[in-house]
Number of protein chains: 2
Amino acid sequence: MKNKVIEKNDIKESPLFWPAQLDGKTLLVLDETLIPKKLSYIKVRSTTEAVEVIREMKTRAFGQLLVVLSTFLLELNLHDQASSSSLLQQLQKTAKALNESRPTFPFSEVTGMVMHWAQSAVSQNQDIKSLLERNIQGYLAGIRARRLDRVRRIADLIQHGDSILTHCNVSGELAMAAYLCQRNKKNVHFYATETRPYFQGAKLTCWELQLMGAEVTLVADNAIGALLADGLVDKVIVGSDRNCANGDFANKIGTYQIAVLADEFKVPFFVLTQPSTKVKSGQDIPIEFRDEKEILNFSGQAIFPNRVQALYPGFDVIPYQLITEPIAINVN
Amino acid sequence: MKNKVIEKNDIKESPLFWPAQLDGKTLLVLDETLIPKKLSYIKVRSTTEAVEVIREMKTRAFGQLLVVLSTFLLELNLHDQASSSSLLQQLQKTAKALNESRPTFPFSEVTGMVMHWAQSAVSQNQDIKSLLERNIQGYLAGIRARRLDRVRRIADLIQHGDSILTHCNVSGELAMAAYLCQRNKKNVHFYATETRPYFQGAKLTCWELQLMGAEVTLVADNAIGALLADGLVDKVIVGSDRNCANGDFANKIGTYQIAVLADEFKVPFFVLTQPSTKVKSGQDIPIEFRDEKEILNFSGQAIFPNRVQALYPGFDVIPYQLITEPIAINVN
């Protein structure tokens with residue numbers, strides 16, 4: 001496996017930390033479904049293809065936000081000769097298609113911001129392309145700096161000797177914090193859940209932690225009770241896909257039960273959050289029910305060859321009361 | 001698929017209810033790992049082969065007890081010309097090999113009982129074979145009647161309109177109760193967990209419930225929090241692999257977290273128990289850690305192709321405080 005690990009000062013960057021990159025008229029998106037077999041980038045050349053990589057979960061979590069913003073930059077490059085009005089029309093189509101790609105994600109908050117910039121450019125008679133490029137790239141640079149800052153705060157939170165349980169995948173930040181811990185001579189062990197049905201924990205988190213040199217043990221999603229009851233976990237650290245004004249958050253299915261168990265066994269439960277006031281509380285988050293085929297098949301093979309129905313809610317909504325402390329991205 | 005369903009009065013019998021049958025010098029053991037693809041019986045012709053089907057989990061739960069007892073009957077048939085002393089010696093070897101097959105199971109309690117009968121026969125100058133056959137067959141008949149009685153009690157517990165969550169597989173009893181519910185015009189829905197890594201829920205429970213005509217939905221092990229939080233479950237009913245004097249019990253990994261969640265969401269949690277006073281409390285139950293390969297591979301294919309370590313505790317020990325009501329097998 002080709003290890004695309006970039007060392008920058010003391011931080012080693014995981015390929016999952018920044019999984020998309022614009023290259024002229026092509027957006028290169030890390031195909032997370034092929035990890036750990038292959039580190040391969042999908043060539044996205046239109047909004048339609050961008051929606052596809054999001055919907056098919058080729059990219060996920062932070063990668064989705066990155067793809068959404070980069071798709072506007074892509075469209076600007078694809079239509080660099082277009083008039084302001086036709087460009088605006090194209091961007092509106094892009095925003096609409098992205099908004100409708102996955103129900104649980106608030107892409108409209110981001111696309112709305114971009115469209116607001118575009119409209120302002122038109123009303124102020126500015127060049128849409130240069131204004132949008134500056135704003136989107138600036139916005140992404142800001143996110144990048146704040147995420148790197150959070151990596152350091154996660155590393156600070158972890159103590160020598162800690163055993164950390166995580167679920168699904170936290171897009172580079174936890175693994176990069178693990179690397180910092182090693183540099184600071186902290187001995188840390190990780191437990192990663194499999195995260196059925198996509199096995200993001202097994203495929204992404206274990207791979208990424210190992211890439212950063214961390215020690216990780218894979219457990220089935222149903223072994224959390226045993227791990228916590230046996231005192232094998234000191235802290236739980238998970239990500240969040242969506243945050244509410246009251247502190248509730250949505251994250252990969254399975255997070256709710258881990259939060260309840262952490263509470264039961266008095267293990268601190270930390271969540272990486274992107275504070276937002278757009279949604280009041282968890283009950284306002286629409287939950288995506290994904291195709292039951294994603295549970296019933298594994299690598300194209302039917303796990304359960306007979307006709308059976310399955311239910312696959314993609315996300316949990318976790319009440320804020322179960323959070324010990326949010327590790328918020330710095331929004332200032 | 002050949003449906004080996006026997007209708008006896010109002011009860012339909014599931015193949016998982018009584019998954020082994022002695023036929024002269026061959027013990028036919030249902031290969032539960034092939035369900036639902038195939039209903040196929042393994043021919044067991046020695047104690048060694050019996051230990052193998054137990055250790056490789058070809059049979060499990062109640063099937064194991066049935067195989068343990070039937071293996072003594074098999075050995076009696078294999079050595080029908082042997083002297084009392086050599087027969088006793090053979091039976092001692094059988095008992096020892098069975099006792100050592102899987103750590104979490106108290107096979108020694110059962111093999112001890114059989115050996116006690118055998119010793120009594122010798123000391124009272126009785127024929128070992130006829131005494132053991134009578135006692136073991138009588139014992140099995142008693143268990144059979146009491147399990148059938150429990151099927152009726154489970155059915156009585158289930159109300160019209162109930163939605164029942166179960167985990168792993170309860171060896172026929174729950175599915176047979178589901179059949180009784182239908183006869184009594186109770187409309188019941190079941191949720192079965194996948195039960196990683198062996199998928200007993202997906203492969204056995206869904207199959208068995210469907211065979212009995214029940215409606216069942218498969219969910220991932222990590223969706224229990226979402227199901228309970230959304231009020232989709234009225235009762236949880238699970239089995240137990242081992243019971244303690246204080247009410248603690250051991251059952252398939254994943255049961256503990258379901259019990260904690262049921263408690264959190266105030267959903268009644270019922271356990272099918274086989275009361276025993278041999279073990280004082282849960283902490284005295286040794287937990288079997290199975291080979292990590294069972295998590296890392298699926299159908300011979302590596303889920304996670306890179307080198308990663310996994311931890312697979314086979315069982316949970318659940319404190320009695322989390323049980324709403326045990327559905328005990330009648331021991332009188």
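**Helix α4 of chain A**

Tutor: The exposed residues A:His116 and A:Ser123 sit on the face of α4(A) turned away from its buried side. Helices are DSSP runs of H or I with at least four residues, strands are runs of E with at least two, and both are numbered from the N terminus. This is a predicted model, in which local features need pLDDT of at least 70 and side-chain atom pairs count only at pLDDT 80 or more, while totals for chains, interfaces and linings use all residues. Residues are numbered from 1 along each chain as its sequence is written, and chains are lettered from A and ligands numbered from 1 in the order in which they are written.

Student: Which residues of α4(A) are buried?
Tutor: They are A:Phe107, A:Val110, A:Thr111, A:Val114, A:Trp117, A:Ala118 and A:Ala121. They lie on the same side of α4(A), because they cover an arc of only 115° around the axis (taken from the directions from the helix axis to the C-beta atoms).

Student: Why would such a spacing give one side?
Tutor: An α-helix has 3.6 residues a turn, so residues three or four places apart point the same way.

Student: And what do the buried residues of α4(A) pack against?
Tutor: They pack against α2 (62-78), α3 (84-99) and α5 (128-157) of chain A. Contact here means C-beta atoms, placed from the backbone, within 7 Å.

Student: What follows α4(A)?
Tutor: A:Asn125 does, and its phi is positive, near 60°.

Student: Changing topic: how many helices and strands does chain A have?
Tutor: Chain A has ten helices and 17 strands. Buried residues make up 50% of its 332 residues.

Student: Which residues touch the most other members of the largest nonpolar core?
Tutor: Of its 146 residues, these are A:Ala178, A:Val236, B:Ala178 and B:Val236. Such a core is a set of buried Ala, Val, Leu, Ile, Met, Phe, Trp, Tyr and Cys residues joined through C-beta atoms within 7 Å. Beyond its neighbours within four places in sequence, A:Val236 has contacts that include A:Leu165, A:Ile258 and A:Phe270.

Student: Where is B:Leu157 found?
Tutor: B:Leu157 is in helix α5 (residues 128-157) of chain B. B:Leu157 is partly exposed, because 17 other C-beta atoms lie within 10 Å.

Student: What does B:Leu157 touch?
Tutor: Not counting residues up to four places away in sequence, B:Leu157 touches B:Phe270 and B:Ile327. B:Leu157 and B:Phe270 are 113 residues apart in sequence and 9.7 Å apart in space, C-alpha to C-alpha.

Conventions:
Buried ≥ 20, exposed ≤ 12 C-beta atoms within 10 Å, placed from the backbone. Contact = placed C-beta atoms within 7 Å.
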